[in-house]
Amino acid sequence: MYQIIFVDDEAFVLEDLKRAIDWFGFNMEIALASTDPLEVLDYMREHPVHLILTDISMPQMMGTELIRKAREINPSVYILVLSAYDTFDYVRSAMRGGAENYLLKPLDPDELSESISTIVRHLEDRNTISNNFGPSTLTFRNSFVESWCKGSIGEDELIARAGMLGVNLQLDNYTVALFSAAGEYADKTPLLFDAVLSAFVGTYICHFYFESPSLFICILSSPENFNIFRFQNEVERLRPLVDFPFFVSVGTTADNYADVCSSYHTVKKFLLLRHTSHTFLNCRYLLFPLHRQQIIEQNFQDTDEETYLQDIRKILETLAPERKLSLQLAVTNWGISQVENLLTAGISSPPSFFSAIECTDNDTDVIMDNIRSLFSSVRELLSAQELPQGAAQQYVRMIMEEVHNFSNKDVSLKTLAARLDMHPSYLGSIFHQQTGYYFNDYLNEERLKYAAKLMENSNIRLKDIADMTGFSSQTYFNRQFKKYFNASPNAYRRELKLKKD
């Protein structure tokens with residue numbers, strides 16, 4: 001269990017924190033809840049602590065001072081800041097001290113759950129990475145690079161943190177590259193990381209972080225304009241040196257530090273193509289306008305096969321030869337995404353068809369044959385999926401059914417575990433093992449998908465949609481929707497209306 005400490009000068013706040021969310025469901029144990037920051041520091045000197053939730057304004061010691069001293073005792077401790085004041089100076093001071101997030105009182109349980117879920121993932125990955133790589137390489141997976149890639153901090157804070165870390169934000173090109181040695185070669189990722197360091201540090205300005213034990217992200221800046229073909233040649237020269245297969249995808253090149261997140265989201269969007277025979281992807285060519293993306297991204301199980309194929313052929317016939325290959329890859333990525341949960345949970349392995357895909361022929365008929373085979377393979381996998389046998393799979397099915405009962409706004413691991421007479425932490429572990437999802441991540445994602453479906457009815461107000469899908473506030477719903485769909489709810493609804501018109 002991960003050890004967590006609460007510190008606030010108001011005792012009733014401490015009690016509220018204990019009941020705010022299902023801590024056991026996140027594998028968290030409340031080690032100490034104190035109104036005295038000095039007691040917290042004394043406790044940290046004698047006991048391991050993984051996370052601190054602290055008020056920012058306390059009479060005995062400001063939260064910023066507590067953060068500084070806690071970091072001196074345990075540099076790797078995670079910190080969440082609580083405050084009733086939405087003041088930029090407070091936020092900046094907390095973030096400069098190394099806080100993961102800044103939450104306003106009264107706490108929004110969904111927002112708190114999201115922050116805790118992210119921290120738990122980092123703790124689990126950090127343990128694995130530390131075992132595989134040693135503590136020194138954890139510096140490459142610092143919160144700044146991850147936040148920069150994901151666009152999860154504001155511009156002023158990004159600039160402030162970059163200044164503290166000596167990161168130059170005035171370069172004229174930034175490109176995100178993803179390196180993965182997944183599958184049976186996942187344990188060889190340290191060798192890949194060492195090879196990338198040797199090959200690129202010095203040639204490029206590089207910033208790294210590990211997103212998982214088998215996947216790391218690099219922000220590359222070139223002294224000259226970034227040349228994708230030169231970079232690909234450098235990657236190919238690495239392959240015989242490491243002597244095992246690895247996957248690399250490269251996003252768009254941004255000429256401004258603020259657009260790095262766009263490059264990052266591009267490489268993550270097409271990560272599933274690592275299941276094909278392709279080992280290097282130039283992802284910028286796989287992006288299509290929204291109206292074409294909507295045609296590509298239809299649910300194979302609910303879509304008529306011939307209608308879908310006819311729509312894809314119409315797009316193909318308007319494209320230049322090189323873009324036809326890109327369309328096939330984009331469709332392939334979408335097809336694999338529909339069975340990703342089966343692959344992640346180990347219910348199925350990637351069909352041989354996926355790994356055999358070769359996008360080298362730009363003939364429309366050949367591409368259409370490949371897409372037809374892909375469509376059939378995905379449909380067969382989805383149709384052949386049998387309900388899992390055994391208690392663990394039955395629990396997962398029950399959880400999924402409850403999640404999809406969107407009228408139940410109080411669904412949580414705690415309430416589900418109580419019904420099954422189980423420990424919430426154990427039930428959460430079963431769900432993660434079987435699906436690859438943390439419960440709260442799955443809950444949020446399914447609610448957002450349902451919200452998008454409700455938006456097809458333009459008579460339903462967004463405020464009502466947020467309420468119908470179980471979100472505690474419209475503000476939180478708006479933020480989560482934009483993060484997931486890369487568009488605000490209003491913009492998404494406008495796109496739907498334009499499509500209908």
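**Architecture and packing of the predicted model**

The chain exposes about 23,800 Å². Carbon and sulfur atoms supply 48% of that area. The model is a predicted one. Its chain holds 23 helices and 10 strands. Of the 501 residues, 48% count as buried. Among contacts in the chain with a separation of 6 or more, 70% join residues 24 or more positions apart.

In soluble globular proteins, nonpolar side chains tend to be buried together. The largest nonpolar core of this chain has 49 residues. Trp 148, Ile 312 and Leu 327 have the most contacts inside this core. Several elements each supply at least two residues. Among them are helix 6 (143-150), helix 7 (155-165), helix 10 (260-269), helix 12 (305-316) and helix 13 (321-337). Strand 6 (174-180) and strand 8 (215-221) also belong to this group, as does helix 16 (364-384). Helix 16 gives the most to the core, with seven residues. A second, separate core has 26 residues. Phe 193, Ala 195, Val 196 and Val 248 are included in this second core.

Residues up to four places away in sequence are not counted here. With those set aside, Trp 148 touches Leu 158, Val 167, Leu 169, Tyr 174 and His 207, among others. Its partners also include Ile 219, Tyr 257, Val 260 and Cys 261.

Ser 147 lies in helix 6. Its relative accessibility is 12%, so Ser 147 counts as buried, the cut-off being under 20%. Beyond its neighbours within four places in sequence, Ser 147 is in contact with Ser 152, Ile 153 and Arg 161.

Two packed helices are described by the angle between their axes and the distance between the axes. Helix 6 and helix 10 pack at an angle of about 85°. Their axes are 6 Å apart. This angle makes helix 6 roughly perpendicular to helix 10. On the side of helix 6, the contact involves Trp 148, Cys 149 and Lys 150. These residues meet Val 260, Cys 261, Tyr 264 and His 265 in helix 10. By class, the contact of helix 6 with helix 10 has five nonpolar residues, one polar and one charged.

Helix 20 (residues 439-454) and helix 22 (residues 474-485) pack at about 90°, with axes 10 Å apart. Helix 20 is therefore roughly perpendicular to helix 22. Helix 20 contributes Asn 444, Glu 445, Leu 448, Lys 449, Ala 451 and Ala 452 to the contact. They meet Tyr 476, Phe 477, Gln 480, Phe 481, Tyr 484 and Phe 485 in helix 22. The residues of this contact divide into eight nonpolar, two polar and two charged.

Helix 2 (residues 37-46) and helix 3 (residues 63-73) have axes that come within 10 Å and cross at roughly 10°. Helix 2 is thus roughly parallel to helix 3. Pro 37, Val 40, Leu 41, Met 44 and Arg 45 make the contact from helix 2. Leu 66, Lys 69, Ala 70 and Ile 73 make it from helix 3. This contact has seven nonpolar, no polar and two charged residues.

Met 28 is found in strand 2 (residues 28-34). With a relative accessible area of 1%, Met 28 is buried. Tyr 2 is 26 residues away along the chain, yet the C-alpha atoms of Met 28 and Tyr 2 are separated by 4.7 Å. Leaving aside neighbours within four places in sequence, Met 28 is in contact with Met 1, Tyr 2, Ile 4 and Trp 23, among others. Further partners include Leu 51, Ile 116, Val 120 and Leu 123.

Backbone angles complete the description. Most residues other than glycine have a negative phi. Asp 243 is not a glycine, but its phi is positive, at about 60°. Asp 243 is placed in the loop between helix 9 (228-242) and strand 9 (247-254). Its relative accessible area is 67%, so Asp 243 is exposed, the cut-off being over 50%. Asn 486 also has a positive phi, near 60°. This residue lies in the loop between helix 22 and helix 23 (489-500). At 66% relative accessibility, Asn 486 counts as exposed.

Methods: Residues are numbered from 1 along each chain as its sequence is written. This is a predicted model: local features need pLDDT of at least 70, side-chain atom pairs count only at pLDDT 80 or more; totals for chains, interfaces and linings use all residues. Side-chain values use heavy atoms; hydrogens and water are left out. A nonpolar core is a set of buried Ala, Val, Leu, Ile, Met, Phe, Trp, Tyr and Cys residues joined through side-chain atoms within 4.5 Å. Buried means under 20% relative accessible area, exposed over 50%, partly exposed in between (1.4 Å probe, protein chains only). Helices (H or I, at least four residues) and strands (E, at least two) are DSSP runs, numbered from the N terminus. Contact means heavy atoms within 4.5 Å. Accessible areas come from the Shrake-Rupley method with a 1.4 Å probe; for residues, only the protein chains shown count as cover. Axes are lines fitted to C-alpha atoms, for helices over the stretch in contact, and angles run from 0 to 180 degrees between N-to-C directions. Angles under 35 degrees count as roughly parallel, over 145 as roughly antiparallel, 65 to 115 as roughly perpendicular and the rest as oblique. Ala, Val, Leu, Ile, Met, Phe, Trp, Tyr, Cys and Pro count as nonpolar, Asp, Glu, Lys and Arg as charged, and the others, Gly among them, as polar.
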